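Please read this briefing alongside the sequence and the coordinates.

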Amino acid sequence: MPSVQDQIRSRRTFAIISHPDAGKTTLTEKLLLYTGSIQTAGSVKGKASSRHAVSDWMDIEKERGISVTSSVLQFTYDGYCVNILDTPGHQDFSEDTYRTLMAADAAVMVIDGAKGVEAQTKKLFKVCTLRHIPIFTFVNKLDHDARDPFDLVEEIETVLGIDTYPMNWPIGSGRNFKGVFDRASRRVLAFEGDGRANATKRVAEVEAELGDPALDELIGAENHQALADDIELLDGASEEFDLEAVQTGRLTPVFFGSALTNFGVEPFLKDFLRLAPSPLPYTDSLTGEKVDPASEDFSGFVFKIQANMDKNHRDRIAFLRICSGRFERGMDARHVQSGRKLKLATGTAMMADDRATVDEAFAGDVVGLFDPGIFSIGDTVCAGRREVRYPSIPTFAPEHFARVTQVDTLKRKQFVKGVEELAQEGAIQIFREVGGGMESVIVGVVGVLQLDVLERRLKSEYHVTVRRQPLPYTEIRWIQNGPDEVDVAQLNLSRDTCKVEDMRGGKLLLFTNEWNVNWALERNPGLRLSEFGNIA
Ligand code: GDP
């Protein structure tokens, strides 16, 4: 039996970030192929007929064939226990996407070789840098025409502000894609795909050394020469590989490949597992000290709350990232925020093919705990003598707003209860218009799909019908000044700026553009505005 320390050392917990369509799902599928967890490609985000790697417990998910909530895939490979935290990325992009990154020890950033760094990648990257976690880059779709690799690497450096270290280097792209040169072994892995190798089969990778005449045959004399020139340039120009810089998120190792044809995926996985950290210590905000993941005492924090996983039970599941020690089903623990004692009776893990009950889990893992209605995002659960409390998770600025009004005025109570409970789960943020009534609220979301989810759930769970009116705001700012410093009613604002309050009475302004934010700052000397809310 491996010791708790060995169990924790073998863990790698990471999230994959990308702009929609860059190939996150395809890469995830291919990673799972190496593990035997699933045999059918297409099952991570399968449409109707394929098996779903993620549970489809909500109607809306079934209808659209996408996953609304993030889940966790766990598998073992080469002695490692790997947890992939799935970050919703399409229309289902939400605050959960950001929060999941708070529970990851590393991120894999997938970039489309033809498109480079795109908008959503930038946003997600920014969140990763809040915690300085290591970021590994996979430049995808080399089997399609891609941009010049020097260009791509430079774009990553300038747009994202991180140093790069290419671990391998592509030879051509699209129809002329011949493979990659591995810088550590100084060998070429030749691409033998015929462009149709989109199945579960692994593409054969043939190896040869740079300068070897056989390479002329393998990739063509011209390509061989061009590659030799590229590598000379690269060896001369690029940074040294610096593991410490990787581990603190200052340098990203870059891999080129093609997830669809499964080229370069396994070498990437191997290097990633070798270089990515085992579970990182989180800081206890009571003492300011880091909590050793391998310490005996179990602790963790809630980063996501999921309602209605089981229609028959109407339960809520709180997803807990274990930060230290060992979890055992049925163990006694404390919910730090309420001081309540709990029996952690139900642990569920989101496995590749099902929701399974876990009896045991370790630091780095994620478990789903049955929530009797006491958990909020960011709460700490711990066992053992010493109490710890993990820092709260920041509130991320919503980017879409709507006014939601109840249609049946007799149902005011249910309406208020519904929106408040749903806001507590953290998928939406609700605001009251200053001077507005109780029959409507302003809802802010990070991803627009959450507005559909809200409407649907208010109807099915609270029997409340609402009207939804999209609002043109795009910028949200919390007023940092105290009430004695700034009288919100007297602020000099552009006409299309809206004054609102959050659930805790915090004062905010909603703007239709960045220009109006500056306008407000210029006309109201001393006004201090922040993009992040008080903590969730
Ligand atoms: P996601 O939105 O980031 O999860 O992207 P998907 O994995 O769903 O991929 C988006 C599209 O790109 C799909 O049609 C994939 O088949 C395609 N795709 C993904 N990886 C590759 C690749 O390496 N080469 C090519 N040619 N297409 C790819």
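Predicted model: local features only at pLDDT ≥ 70, side-chain atom pairs only at ≥ 80, totals over all residues.

Residues are numbered from 1 along each chain as its sequence is written. The protein has 13 helices and 31 strands; helices (H or I, at least four residues) and strands (E, at least two) are DSSP runs, numbered from the N terminus.

**Overall make-up**

- Of the 536 residues in the protein, 44% are buried. A residue is buried if 20 or more other C-beta atoms lie within 10 Å of its own, exposed if 12 or fewer, and partly exposed in between, with C-beta atoms placed from the backbone.
- Among contacts with a separation of 6 or more, 69% are between residues 24 or more positions apart. Two residues are in contact if their C-beta atoms, placed from the backbone, lie within 7 Å.

**The seven-stranded sheet**

- Seven strands make an open sheet with mixed pairing, in the order E2-E3-E1-E4-E5-E11-E6. Two strands pair if DSSP finds at least two bridges between them.
- Strand E2 (72–77) and strand E6 (163–166) are at the edges with a single partner strand each, so one side of each has no neighbour in the sheet.
- From one strand to the next, the twist averages 30 degrees.
- Helix H5 (residues 119–130) lies across strand E1 (11–18), strand E4 (106–112) and E5, and runs at about 145 degrees to E1. Axes are lines fitted to C-alpha atoms, for helices over the stretch in contact, and angles run from 0 to 180 degrees between N-to-C directions.

**Strand E11 and its partners**

- Strand E5 (residues 135–140) pairs with strand E11 (residues 251–256) in the parallel sense, over three bridges. Phe138 has Phe255 as its bridge partner in E11.
- E6 also pairs with E11 in the parallel sense, over four bridges. Here the bridge partner of Pro166 in E11 is Val254.
- Six of the six residues of E11 are buried, so the strand is largely enclosed by the rest of the structure.
- In a regular strand the side chains alternate between the two faces of the sheet.
- In E11 both faces are covered: Leu251, Pro253 and Phe255 are buried on one side, and Thr252, Val254 and Phe256 are buried on the other.

**The eight-stranded sheet**

- Eight strands form an open sheet with antiparallel pairing, in the order E27-E24-E26-E25-E29-E30-E28-E31.
- Strand E27 (466–471) and E31 are the edge strands, each pairing on one side only.
- Strand E24 (residues 400–406) and strand E26 (residues 440–445) run antiparallel and are joined by six bridges. Thr405 stands opposite Ser440 in E26.
- E24 is also joined to E27 by six bridges, again antiparallel. In this pair Arg403 stands opposite Gln469 in E27.
- Strand E29 (residues 498–501) pairs with E30 in the antiparallel sense over four bridges. Lys499 is the residue opposite Leu509 in E30.

**Helix H13**

- Asn516, Val517 and Ala520 are buried in helix H13 (residues 514–523). They lie on the same side of H13 because they cover an arc of only 110 degrees around the axis; the arc is that of the directions from the helix axis to the C-beta atoms.
- Glu514, Trp515, Asn518 and Glu522 are exposed on the other side of H13.
- The cover over the buried residues of H13 includes strand E28 (475–479), strand E30 (507–511) and strand E31 (529–530).

**Helices H11 and H12**

- Helix H11 (residues 412–425) and helix H12 (residues 449–462) have axes that come within 10 Å and cross at roughly 125 degrees.
- H11 and H12 are therefore oblique to each other. Angles under 35 degrees count as roughly parallel, over 145 as roughly antiparallel, 65 to 115 as roughly perpendicular and the rest as oblique.
- The crossing of H11 past H12 is right-handed. A crossing is left-handed if the near helix is turned anticlockwise from the far one by less than a right angle, and right-handed if clockwise.
- The contact involves Gln414, Lys417, Gly418 and Leu422 of H11, and Leu454, Arg457, Leu458, Glu461 and Tyr462 of H12.

**Residue Glu420**

- Glu420 is in helix H11. Glu420 is exposed, with 12 other C-beta atoms within 10 Å.
- From Glu420 to Leu527 the separation is 107 residues in sequence and 29 Å in space, C-alpha to C-alpha.
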